[in-house]
Amino acid sequence: MSFEPIVQVSVSEQVAQRLLTMIRTGLLKPGQQLPPERDLASMLGVGRPAVREAIRGLALLGLLRIRQGEGTFVGSLEMRELLEPLEMVIELNAGTLEALFDARLVIEPGVAALAATRMHGADLARLHALVDDEQALLASPEQFAAADMAFHEAIIDACGNPFLQSIANSLYLLGKKSRGVTSQVAGVLARSLEDHRGILDALEARDPEHAARAMQRHLCRVRDAYAASASLAREEHP
């Protein structure tokens, strides 16, 4: 008999799931404005940072619209087609991680290649700062994972292609969940930091082929480290 590892669900992911359910059941209707963050946090009994992160993730998927100075609104009816795939986001477990890595290997090397041709100085400065943050956070897996996600998001932003950005950002919540699992694997954080430096070098050199290879290598190394760890766990607890 074997057991799959239990994947902890963060408070922000629980908030996202609650909002998703309310959209799906019609309790929150297209165009309706959400209560302010403070009020929503009080209603749900959680902190404002969890609400903010959940809203940001759903906004990246187009399910919510953030209007500066006005508030947050439920997306249009056309966005409902995203609700079914989002169920997989919320329920990600060890069995779907391989498929997630396959998807990222298709998308992210190409995004990195395009970003290498369109990077501005401000983009590179942001990536350098994030790599510095990661160096300081090696002993804190949860905080490192946040910096890791920001690093990949910065590359997505820099690619400048709205279609690729939409596809890549649709993996946002999935990526957050997967990092919660893979960041616990021994040695992964140090290897990710090394890989990120290699990706940054390629981007700074404006070398699209090198950037794509560096991103592919990074994703493969994280995937293989997780697979080896999961296999060892199954052998120890058959």
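Mentor: Contact means that heavy atoms lie within 4.5 Å of each other. This is a predicted model, in which local features need pLDDT of at least 70 and side-chain atom pairs count only at pLDDT 80 or more, whereas totals for chains, interfaces and linings use all residues. Residues are numbered from 1 along each chain as its sequence is written, and side-chain values use heavy atoms, with hydrogens and water left out.

Trainee: Leaving aside its neighbours within four places in sequence, with which residues is Met 119 in contact?

Mentor: By that rule, Met 119 meets Leu 124, Leu 127, Ile 155, Ala 158, Leu 203 and Arg 206.

Trainee: How many helices and strands are in the chain?

Mentor: The chain has eleven helices and two strands; these are DSSP runs numbered from the N terminus, helices being H or I with at least four residues and strands E with at least two.

Trainee: Why are H6 and H7 called roughly antiparallel to each other?

Mentor: The axes of H6 (residues 121–136) and H7 (residues 141–159) come within 9 Å and cross at roughly 165°. Axes are lines fitted to C-alpha atoms, for helices over the stretch in contact, with angles from 0 to 180 degrees between N-to-C directions. Angles under 35 degrees count as roughly parallel, over 145 as roughly antiparallel, 65 to 115 as roughly perpendicular and the rest as oblique. The two helices are therefore roughly antiparallel. Their contact includes Leu 127 and Leu 130 of H6 as well as Phe 151 and Ile 155 of H7.

Trainee: What makes Asp 195 buried?

Mentor: Its relative accessible area is 2%, and buried means under 20%, exposed over 50% and partly exposed in between, with a 1.4 Å probe and protein chains only. Asp 195 is therefore buried. It belongs to helix H10 and touches Arg 217, His 218 and Arg 221, not counting residues up to four places away in sequence. Of the 238 residues of the chain, 43% count as buried.

Trainee: Which residues touch the most other members in the largest nonpolar core?

Mentor: A nonpolar core is a set of buried Ala, Val, Leu, Ile, Met, Phe, Trp, Tyr and Cys residues joined through side-chain atoms within 4.5 Å. The largest has 32 residues, and those touching the most other members include Met 119, Leu 127, Phe 151 and Ile 155. Helices H5, H6, H7, H10 and H11 each give two or more residues to this core, and H7 gives the most, with nine. Another core, of 15 residues, lies apart from it, with Ile 23 and Leu 40 among them.
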